[in-house]
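Q: I would like to go through this structure with you. Could you take my questions one at a time?

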Amino acid sequence: MNEVGLDALRDKLDNIDNELLKLINERMEIVHQVGVVKAHSGGAIYRPEREKAIIDRLESLNNGKLNRAAIEALFLEIFAISRNLELPENVAYLGPEGSFTHQAAEARFGAMSSYVSISSIKGIFREVDTKKARFGVVPIENSSNGIVTDTINCLNTYNLKIIAEVVLDIHHTLASTCDKIEDIKRIYSKDIAFEQCRKFLSNFGLDEVEHIPIESTTKAAKIAVNEPGSAAICPHVGAKLHNLPILFENIEDKDNNKTRFFIISDFENGQSGNDKTSILVTLSDKQGALVEFLTDFNKVNINLTKIKSHIVEGNSIFFIDFDGHKDDENVKKVLSKYDGNVKILGSYVKEINDI
Ligand SMILES: C=C(O[C@@H]1C=C(C(=O)O)C=C[C@H]1O)C(=O)O
């Protein structure tokens, strides 16, 4: 292409960008007005169900080159920036920087929000409970390692709400300053990451070297970069963040390794038409109690998507997910029977990428 053609195309782009800027600013002005209405009515600024409805509508209208993922990436960033102009949002995540939870937080809250790295799940609940952070992001389960008990315990103890779920595909890398695998004498990572990469480690004789479990995979990269003879199993972003050369990508045993995260806050979502609800249930210690509970859900046509038993202070409780919103008539009906035994943890928009 000659230079004249390029200049003409760039002029077109400049004009489009000028229009986009004008329109986005106009949009921000309206968001501001919505913010004023909400301030009067006491409504929450962040409305995931409304954001989903906008993305669904845009996807159905779309006849250009953008796919759903691209529309989502663009608009979630625009929503996050709008909300942030209204009310700067502090988001507490299970740190350190670059952790999978940090990635989940950024996927939802965009680049403009302010993030606080917290070193424990309980610390995140405390941060949101004391209103130091508006939102908290915590892992709830991994497809290979199951439920995260600390998160269940905190959901049981604190009166906070799950307002959204995020599911991330989890990929691990082996990163090290060593040029040869044989030079690796020890590997740092999180305990569950060692579990998830067992086959890879054994195939390369790395099950024989010392495995040092630490609290986060990104911290593993930070340590390994300063320690000759060591390596880290960490996310791609973690290795990049600490300038640790990546030797192997995607070393996890299962290629559909996923982690589900909850976003917690202190408000409840309205219905979106495509919701999921999480509850904790204590059932009486008599024969058939669980069967009766499940049958009751079946009778009102509620699809249970997850049921996990969990022990809290010696008592068995069930963590249950089902399709529907807590304000749906059939949900209200069935839950009223178990009043006192059920803690509703939150109703939120169901993610497409399920675990
Ligand atoms: C503007 C609103 O508030 C927030 C911002 C949104 C937006 O930018 O479109 C959508 C939903 C909310 O998270 C709203 O509720 O309509």
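Q: Why does Glu 165 count as buried?
A: In this predicted model, Glu 165 counts as buried because it has 24 C-beta neighbours inside 10 Å. A residue is called buried if 20 or more other C-beta atoms lie within 10 Å of its own, exposed if 12 or fewer, and partly exposed in between, with C-beta atoms placed from the backbone.

Q: Before we go on, what are the ground rules for numbering and confidence?
A: Residues are numbered from 1 along each chain as its sequence is written. As the model is predicted, local features need pLDDT of at least 70 and side-chain atom pairs count only at pLDDT 80 or more, while totals for chains, interfaces and linings use all residues.

Q: Which strand holds Glu 165?
A: Glu 165 lies in strand E5, residues 161-169. Helices (H or I, at least four residues) and strands (E, at least two) are DSSP runs, numbered from the N terminus.

Q: And what is Glu 165 in contact with?
A: Leaving aside neighbours within four places in sequence, Glu 165 is in contact with Arg 260, Phe 261, Phe 262, Tyr 348 and Glu 351. Contact here requires C-beta atoms, placed from the backbone, within 7 Å. Val 138 is 27 residues from Glu 165 in sequence, with a C-alpha to C-alpha distance of 9.7 Å.

Q: How many residues of E15 are buried?
A: Six of the eight residues of E15 (residues 342-349) are buried, which leaves the strand mostly covered.

Q: Where is there a hairpin?
A: E13 and E14 form one, with two residues between them. Strand E13 covers residues 304-312 and strand E14 residues 315-323, and they pair in the antiparallel sense over eight bridges. Lys 306 has Asp 321 in E14 as its bridge partner. In the turn, Glu 313 has a positive phi of about 45°.

Q: Changing topic, what surrounds the ligand?
A: The surrounding residues are Val 31, Val 34, Ile 45, Tyr 46, Arg 47, Arg 50, Glu 51, Ile 54, Phe 79, Ser 82 and Arg 83. A residue belongs there if its C-beta atom, placed from the backbone, lies within 6 Å of the molecule.

Q: Which helices supply that shell?
A: Helix H1 (3-41), helix H2 (48-61) and helix H3 (68-86) each supply at least two residues. By class, the shell has six nonpolar, one polar and four charged residues. Ala, Val, Leu, Ile, Met, Phe, Trp, Tyr, Cys and Pro count as nonpolar, Asp, Glu, Lys and Arg as charged, and the others, Gly among them, as polar.

Q: Why is helix H9 described as largely enclosed?
A: Seven of the nine residues of H9 (residues 217-225) are buried, so the rest of the structure largely encloses the helix. Its buried residues pack against several elements, including strand E6 (173-176), helix H7 (191-196) and helix H10 (236-241).

Q: How is the chain divided into domains?
A: There is domain 1 (3-86), domain 2 (173-248) and domain 3 (271-355), with bounds from an automatic or database domain assignment. The C-alpha centres of domain 1 and domain 2 are 40 Å apart.

Q: What about the chain overall?
A: The protein chain has 12 helices and 15 strands. Of its 355 residues, 35% count as buried.

Terms used
Two residues are in contact if their C-beta atoms, placed from the backbone, lie within 7 Å. Two strands pair if DSSP finds at least two bridges between them.
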